[in-house]
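Q: I am new to reading protein structures. Could we go through a few features in turn?

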Amino acid sequence: EKIARFSSGELSEPSGCEYLSDRGVLIVVGDKGDICEIDTNGTVSKYRRLGDYDLEGVCYNPVTRLLYTIVENKSLILEIETDNFDILRQLPINWVINNKNILRSEDEHLEGITFVENADSPGGGSFIVVNKGNNTEQPSALIELSFDVENTQLISSVKMIVLEILGLTGITRKAETGAFYV
């Protein structure tokens, strides 16, 4: 049985989706810098092209009601206003942990992002991002990122968990259980 059917319309190459339970809508981002809101009947209720970005994955902070999406191969997370899709901030990612660069720019193939709430953390929580990985030299990984304590305009790497599975393309988290789905 079909739950809903939708036409992506102007949105080409969808690459990330997040359900906003407090609003009852899906937010979808695409490889061509597109973002749209789709209601549960499948109607695209809002669409915007954000610019020349290869967007991968999208997540939502229900406390601040802000969206976050990854710009692939740019070491950048966009912070987006939910109501009008304005870009509020472009947050560069620092890939250094314990004075070691954990991810070279040519190895960055981030494909998914999810938000973990933590009231004690700068910015209200941290992100878990998924790197696709192609081989043992460039493995798939889950990487925890958080707002820098001294400058919330920057995103800092916290830890990296290397996985023996290649080709990861998305991640989500169930807040009630804390479980991650990759």
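A: Start with exposure: a residue is buried when its relative accessible area is under 20%, exposed when it is over 50%, and partly exposed in between. The model here is predicted. In it, C17 has a relative accessible area of 46%, so C17 is partly exposed.

Q: Is C59 buried or exposed?

A: C59 is buried, because its relative accessibility is 0%.

Q: How many disulfides are there?

A: The general idea is that a disulfide is a covalent bond between the sulfur atoms of two cysteines. The rule asks for two cysteine sulfur atoms within 2.5 Å. By this rule the count is 0 disulfides. Take C17: the closest cysteine sulfur belongs to C36 and lies 8.6 Å away, which is too far for a bond.

Q: What is the volume of the largest pocket?

A: Rolling a probe the size of a water molecule over the atoms shows where empty space is left. For the largest pocket, the volume is about 430 Å³. Its lining has 15 residues, and the closest to the centre are E18, Y19, P62, R173 and A175. By class, 6 residues of this lining are nonpolar, 3 are polar and 6 are charged.

Q: Where is S146, and what is it in contact with?

A: S146 sits in strand β13, which covers residues 140-147. Its relative accessibility is 14%, so S146 counts as buried. Leaving aside neighbours within four places in sequence, S146 is in contact with G125, S126, L154, I155, S156 and V158.

Key:
Residues numbered from 1 in each chain as written. Predicted model: local features only at pLDDT ≥ 70, side-chain atom pairs only at ≥ 80, totals over all residues. Heavy atoms only, no water. Buried < 20%, exposed > 50% of the residue type's maximum accessible area, 1.4 Å probe, protein only. 1 Å grid on protein atoms, 1.4 Å probe; cavity = no way out; pocket = protein on both sides within 12 Å on 5 of 7 lines; lining within 4 Å. Points joined across faces, edges and corners; volume = space filled by probe spheres on them. Nonpolar A, V, L, I, M, F, W, Y, C, P; charged D, E, K, R; others polar. Helix = DSSP H or I, 4+ residues; strand = E, 2+ residues; numbered from the N terminus. Contact = heavy atoms within 4.5 Å.
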